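Work through the exercises below with the model open. Try each task before you read its solution.

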Amino acid sequence: MRANCWMGKKKLSVEHVPDPQILNARDAIVKITATTICGSDLHLYNGFMPTMQKGDILGHEFMGEVVELGKAVKNLKVGDRVVVPFCIACGNCESCQLGNFSCCENSNPTGWMPEKLMGHATCGAFGYSHLTGGFAGGQAEYVRVPYADFGPLKVPSTLTDEQVLFLSDIFPTGYMGAENCEITPRKVVAVWGAGPVGQLAIASARLLGAERIIAIDRFPYRLRLALDKAGATDVINYEQENVQEALLELTGGRGPDACIDCVGLEAHGTGLQYAYDSTKQKLQLQQDRPIAVREAILACRSGGIVSIMGVYAGFVDKFPLGSLMNRGLTIRTGQCHVHRYMKPLLERIVRGEIDPSFVVSHHMNLDDTPKGYDLFMHKQDDVMKIILRS
Ligand SMILES: [Zn+2]
Ligand SMILES: [Zn+2]
């Protein structure tokens, strides 16, 4: 089959590789009908995620048709159309029983690596380095799906791929980011990053009834989409305005009730802070550029909630712990527990409450995936989500 392979920092190639095989009784093989590139794929592309190996197949957001099943998978049949959650969860361990599926204790065969870096193992994930198990990803023609009797969600034929594909990651991730904020009708929520996850966090905050939703980004086309389609009420372009001052102005001097970071470890910024973080990251003195999360903490009203959905890899400097502690902020974060949200969010799509396909901007052939990364990375041609098909 053909698959998009990581060949080194900023080097991708669509290669012919062996077809995946059933390895365990709970596996399925899925023929991919649609896949896409995620902002967090750029962290792999740009070499910020350790433990990548030449030839690793990328992609953790995909859907398709079941073509083969292990003996123990009874809930699916060949021909079923499914969306697959990016995090791999067994459904049986203590964390899965608690609903914390991205903390599954069984799905990461290389859990000893995150244990050393993070204290405990994380779950396995598709196409996301050997820290998360080294599983082949879904930017390919076929993929092996472990624990297929638990993860994949069957989707109705009445909905298009574009409407349901994002249940694999960015819709549940954006939704969890908003749910973390304990939104009630009078709440003001600020969202850092108006990329695809940010757009769906904004749309989710709207679904949950926030009164005011402020989108923060530097690309006018992304801020426009946030206003026109996602449901933002206000926007701040951080290259034109001071974020802290603009947020105080918009909230009567109090700050937003909740702040969602949808940016993560490759944050951009202005001035000295950005230069400091970039230099330290280049020298590998810190893994992440925590600009958005710092701003979110300082901007949040006292007693408010900071919801971190952007991906971080390791350790950071100049973290405003004093502000966090003295002003009684709550931090909520985590890789999304996708399995928890897929079904209820599918129901919202079926009921017509939301159509996440508004973030789709491009369609490409799987063979052009490396071009897609380049386009997405450089934010050219008003790119948001690129749908890839073989
Ligand atoms: Zn993703
Ligand atoms: Zn588990």
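**Exercise 1.** What volume does the second largest pocket have? Find its lining too.

*Solution.* The model is predicted: local features need pLDDT of at least 70, side-chain atom pairs count only at pLDDT 80 or more, and totals for chains, interfaces and linings use all residues. Residues are numbered from 1 along each chain as its sequence is written, ligands are numbered from 1 in the order in which they are written, and side-chain values use heavy atoms, without hydrogens and water.

Step 1: the volume of the second largest pocket is about 370 Å³. (On a 1 Å grid over the protein atoms alone, a pocket is an open set of points with protein on both sides within 12 Å along at least five of seven lines; a cavity is a set where a 1.4 Å probe fits but cannot get out; lining residues have an atom within 4 Å of a point. Points are joined across faces, edges and corners, and a volume is the space filled by probe spheres set on them.)

Step 2: 16 residues line this pocket. Nearest its centre lie Gly-47, Phe-48, Gln-281, Gln-284 and Gln-287.

Step 3: helix α9 (residues 271–282) gives the most to this lining, four residues. (Helices, H or I with at least four residues, and strands, E with at least two, are DSSP runs numbered from the N terminus.)

**Exercise 2.** Which residues coordinate the zinc ion (ligand 2)? Name the geometry.

*Solution.* Step 1: the SG atoms of Cys-90, Cys-93, Cys-96 and Cys-104 coordinate the zinc ion at 2.3 to 2.4 Å. (Donors are N, O and S atoms within 2.8 Å of the metal, or 3.2 Å for Na, K and Ca; water is not among the atoms, so sites may look incomplete.)

Step 2: the four donor atoms subtend angles of 103 to 117 degrees, so the arrangement is tetrahedral. (Four donors count as tetrahedral if all angles lie between 85 and 135 degrees.)

Step 3: the spacing of the donor residues in sequence is C-x2-C-x2-C-x7-C. Cys-90 sits in the loop between β7 (87–88) and α2 (94–97), and Cys-104 in the loop between α2 and α3 (112–118), 14 residues apart.

Step 4: both Cys-90 and Cys-104 are buried. (Buried means under 20% relative accessible area, with a 1.4 Å probe and protein chains only.)

**Exercise 3.** How many cavities of 30 Å³ or more does the structure hold?

*Solution.* Step 1: there are two. Step 2: the largest cavity holds about 50 Å³ of space. Its lining includes Val-84, Phe-126 and His-339. Step 3: the second largest cavity has about 30 Å³. Strand β3 (28–36) gives the largest share of its lining, four residues.

Conventions:
Tetrahedral: all angles 85-135°; square planar, octahedral: opposite > 155°, others 65-115°. Buried < 20%, exposed > 50% of the residue type's maximum accessible area, 1.4 Å probe, protein only.
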